[in-house]
Amino acid sequence: MPRVTPADGPVAVTGASGYVGSHVVLALVKRGYTVRACVTDSSNPRKTSCLIGLNQGGYPGRVELRTANLFREGDYDETFTECAAVLHVGAPLGYRGTNGPRQVYDGAVNGTGNVINSVKKSGNVKRVVYTSSFAAINHPEAPGYVFTEQDWASDNRLGDPAWTPDNIDRKPGIAYAMGKVASERMAFRMAAEDGRFDVISVCPSVVLGPLLSAANGLAGSWQYIVGKMLAGQPCTRGWQYLWNIVDVRDVAQAHALIVESDNCENGSRYQLTASDRAGELNVEELQTHLARLFPQINVGGPPKEYAEIVTRFGGPFDGPRAYCDRARTELGLKTHPVDDTLFETGRTMIEFGLVKPALK
Ligand SMILES: NC(=O)c1ccc[n+]([C@@H]2O[C@H](COP(=O)([O-])OP(=O)(O)OC[C@H]3O[C@@H](n4cnc5c(N)ncnc54)[C@H](OP(=O)(O)O)[C@@H]3O)[C@@H](O)[C@H]2O)c1
């Protein structure tokens with residue numbers, strides 16, 4: 001299917017008020033698109049003001065707010081009419097415990113099904129960018145294994161008792177990964193059967209970088225954990241393995257580049273991960289980087305359980321290792337250095353009042 005440009009019509013973004021979605025809207029407005037920014041509640045200024053505010057930013061494109069819910073069939077029909085591309089970023093996530101594992105799975109699978117069905121009804125959409133996750137790529141592997149877009153989370157699961165549909169109701173991580181695998185495959189299949197549009201997926205790993213809104217420091221998110229460390233508290237997520245870090249601005253830019261790229265086709269996947277080894281940090285390295293970037297702060301480090309891991313395995317697990325080479329080569333993505341990503345995460349968490357730094 002041909003590439004899309006701003007001249008082809010408006011584009012729609014689901015999950016527009018989210019951490020990633022708000023940056024996707026910004027990237028598209030900067031490129032001159034009229035963006036139909038879909039939120040679940042357009043009357044909540046805490047979530048929408050950063051989107052509406054972009055219309056005062058002097059950008060060539062503009063933002064129109066739309067209301068729709070992934071769980072309601074046909075909710076995106078009207079919004080997608082005339083749209084040339086859809087960027088399906090939104091998903092109910094488990095961050096604040098508001099969504100249980102079943103909702104997370106159903107949000108990915110049924111929600112994406114509803115989005116693609118609305119795309120089909122529109123008849124005008126040529127390209128769908130689907131925000132999947134590195135969770136749809138990552139599977140059990142030996143330390144040091146380097147993942148690529150060829151990998152699926154369902155690989156290497158023979159004899160793995162955790163990888164079973166029975167766990168969708170019980171284990172948030174399994175529900176999330178299974179939901180992303182199933183929805184990616186379903187979306188590619190639906191597009192192939194229809195033949196009028198392509199679905200291209202992106203699979204981000206640990207997304208960090210500047211927040212555009214105070215609403216985006218959700219408890220449990222990676223940016224929230226960085227905030228906790230800047231508050232002098234221990235790291236409570238991902239300390240057992242490497243943080244494979246990608247900048248939220250690069251994730252957003254990749255979405256926009258895919259809309260306009262001649263190199264993508266239905267079923268193309270782009271893992272959005274570290275650019276190189278510098279972006280893969282264990283919890284001690286993460287603490288060291290943050291302490292250097294924020295010299296006035298007593299930065300928290302590994303939790304107390306970390307010592308046992310170090311004794312048993314000699315340090316955190318050496319993985320997941322993965323590099324966004326394909327996005328750099330095929331899309332021309334230019335990436336931010338990890339220090340800039342970490343600094344901007346901390347700076348905006350502090351400036352939005354989401355964290356009280358542990359000043360020395
Ligand atoms: N952040 C990461 O590290 C990371 C890594 C890999 C993949 N991803 C993927 O990136 C996407 C965005 O994640 P995020 O970190 O930006 O999360 P987020 O800040 O929580 O944003 C999620 C968005 O989804 C929307 N949403 C939730 N339930 C919905 C529903 N029922 N109907 C319509 N929209 C709904 C929310 O919209 P409202 O606010 O309007 O309710 C919100 O804007 C997700 O697909 C996630 O799986 C994120």
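Which element gives the largest share of the lining of the largest cavity? In this predicted model, that turns out to be helix 5, with four residues.

First, the cavity itself. The count comes to one cavity of 30 Å³ or more, and the largest cavity holds about 40 Å³ of space. Its lining is made up of Ala91, Pro92, Leu93, Val104, Gly107, Ala108, Ala175, Tyr176, Gly179 and Lys180. Helix 4 (101–122) and helix 5 are the elements that give two or more residues to this lining. Sorted by class, the lining has seven nonpolar residues, two polar ones and one charged one.

Now for the ligand. There are 29 residues around it, and the ones that come nearest are Ser17, Val20, Thr40, Lys47 and Tyr176.

The side chain of threonine 40 has an N or O atom 2.5 Å from an oxygen atom of the ligand. A ligand oxygen atom also sits 3.0 Å from a polar backbone atom of glycine 18. At leucine 70, a backbone N or O atom lies 2.8 Å from a nitrogen atom of the ligand. Taken alone, the ligand exposes 900 Å², and the protein buries 91% of that.

Note on methods
Residues are numbered from 1 along each chain as its sequence is written. This is a predicted model: local features need pLDDT of at least 70, side-chain atom pairs count only at pLDDT 80 or more; totals for chains, interfaces and linings use all residues. Side-chain values use heavy atoms; hydrogens and water are left out. A residue is near a molecule or strand if one of its heavy atoms lies within 4 Å of it. A polar contact is a pair of N or O atoms within 3.5 Å; within protein, one must be able to donate a hydrogen and the other to accept it, and residues adjacent in sequence count only if both atoms are side-chain atoms. Accessible areas come from the Shrake-Rupley method with a 1.4 Å probe; for residues, only the protein chains shown count as cover. On a 1 Å grid over the protein atoms alone, a cavity is a set of points where a 1.4 Å probe fits but cannot get out, and a pocket is an open set with protein on both sides within 12 Å along at least five of seven lines; lining residues have an atom within 4 Å of a point. Grid points are joined across faces, edges and corners, and a volume is the space filled by probe spheres set on the points. Ala, Val, Leu, Ile, Met, Phe, Trp, Tyr, Cys and Pro count as nonpolar, Asp, Glu, Lys and Arg as charged, and the others, Gly among them, as polar.
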